[in-house]
Structures are given as C-alpha cells and as structure tokens.
Amino acid sequence: LGGILKQGNVTAGDVIVTDKAPMAVKKAVEMLKVNAMAENTMVAEQADVLFLAVKPQIYEPVIREIASSVKEGAIIISIAPGKKIEWMDELFGGGKKIVRCMPNTPALVGEGMSGVAYDAAKFNDEEKEMVKTIFTSIGKMELVPENMMDVVASASGCSPAYVYMFIEALADGCVKNGLPRAL
C-alpha cells in the first residue's frame, strides 16, 4: 500500500483499511493517512478494488463474512499463496473479478516483482489497465498462468526475504569481528 500511494495513482483519502487488530489499523492511519472502518463488510460495500491481505488460513471465514457485501463489479485482489481463483470465486458466490498476485518486499520501494494471474475474459480493457497500473506502481508485473502462481510465490515472494536475511547475517558477522556497522 505504501508503494502504491507513493506513486500517486491513488490518494490516501481513497483508501479504506480494516483489520482485526486495532493497533494495525491505527498504525496504517497514522503512517499512511488512510481512512479506516471497523468492519470488513463496510469496506467491501464501498471498495472498487478490494485487497484481501490476510493469512491464508483465515481466507475462508473472511470471504464468507464479506461475500454478500462486495460491491457489484469490484475487482478483488488476493495476496494469499495457495488459494486458487476458482476456490475463492466459489466462496464469493461466483462471477467475481478476482486477481491472484504475489508481490514481494521490494514493492515497498517501488522495485518489486509481482506475479499476477486472472481470468482475462472477466475483465474489460480498462480493468486490465487498472490492475497493471496498481502492480507497476510498485515495480514490475508479469502475467502468469494461475497454475504457476505457487512457483512465483516461492521464487519471488520468499527469495528476497532469504537474501536479506543472508546479507544481514553477513553484516552481523562483520560487526561481531570489529567492523563498525556503518561501514
């Protein structure tokens, strides 16, 4: 979200967040100056683009909670690994415009690489361009067949985090052996 807002394609005033953890909502509001609502259903009723960024194990209860509240024609963007579009669409009651994606941590600085999959037949050209704008505002985007999304998640989603851990361990070893961290 921070990366998307930095590009200016969306303003903070156009964004509504919600979370079960009040401190997470408070942090997002303070840091990003976005709006907040107390209930998932309230956000789903208003969102033209609805991001589902919850842990995969709670996807089903969250979708069941908001399914009847999702605004007609809304684009639903899922960031959950392992959750197939067909499965989500069935939980939503069918006929939804669902995008499955896997961004990675460099997205925070506009250098991410996002794998994206969706059923192109359900999206018009303007909606496809909107999806592209969202993901290219945080780096690069590659459309991939949905059956490759789990591979994308393991390669692109997790790998940068492992590399950062390795670099951090190298730096810690240098500091332990007397090199000032700033160097």
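Reader: Which pattern does the protein chain follow, read along the sequence?
Author: In this predicted model, the protein chain runs α-β-α-β-α-β-α-β-α-β-β-α-β-α. Helices (H or I, at least four residues) and strands (E, at least two) are DSSP runs, numbered from the N terminus.

Reader: How many helices and strands are there in the protein chain?
Author: There are 7 helices and 7 strands.

Reader: What conventions apply to the numbering and the model?
Author: Residues are numbered from 1 along each chain as its sequence is written, and side-chain values use heavy atoms, with hydrogens and water left out. As the model is predicted, local features need pLDDT of at least 70 and side-chain atom pairs count only at pLDDT 80 or more, whereas totals for chains, interfaces and linings use all residues.

Reader: What box do the C-alpha atoms fill?
Author: Taken along the principal axes, the box is roughly 60 × 35 × 30 Å.

Reader: And what share of the residues counts as buried?
Author: Of the 183 residues in the protein chain, 36% are buried. Buried means under 20% relative accessible area, exposed over 50%, and partly exposed in between (1.4 Å probe, protein chains only).

Reader: Which residue lies over the face of Trp-87?
Author: Lys-83 does, at 4.7 Å from the ring centre. A charge sits over a ring if NZ of Lys or CZ of Arg is within 6 Å of the ring centre and within 35 degrees of the ring normal.

Reader: How many aromatic pairs does the structure hold?
Author: The structure holds 1 aromatic pair. Tyr-118 and Phe-123 form this tilted pair, with 4.7 Å centre to centre and 50° between the planes. Rings of Phe, Tyr and Trp (its six-membered ring) pair if their centres lie within 6.5 Å; planes under 30 degrees apart count as stacked, over 60 as edge-to-face and the rest as tilted.

Reader: Are Tyr-118 and Phe-123 buried or exposed?
Author: Both Tyr-118 and Phe-123 are buried.

Reader: Where is Val-15 found?
Author: Val-15 is in the loop between H1 and S1, and it is buried, with a relative accessible area of 11%.

Reader: What is Val-15 in contact with, leaving aside its neighbours within four places in sequence?
Author: Val-15 is in contact with Leu-1, Leu-5, Val-10, Val-34 and Asn-35. Contact means heavy atoms within 4.5 Å.

Reader: Asp-14 next: where is its place?
Author: Asp-14 is in the loop between helix H1 (2-7) and strand S1 (16-17). Asp-14 is exposed, with a relative accessible area of 59%.

Reader: What is phi of Lys-33?
Author: Phi of Lys-33 is near 65°, a positive value in a residue other than glycine. Lys-33 lies in the loop between helix H2 (22-32) and strand S2 (35-36).
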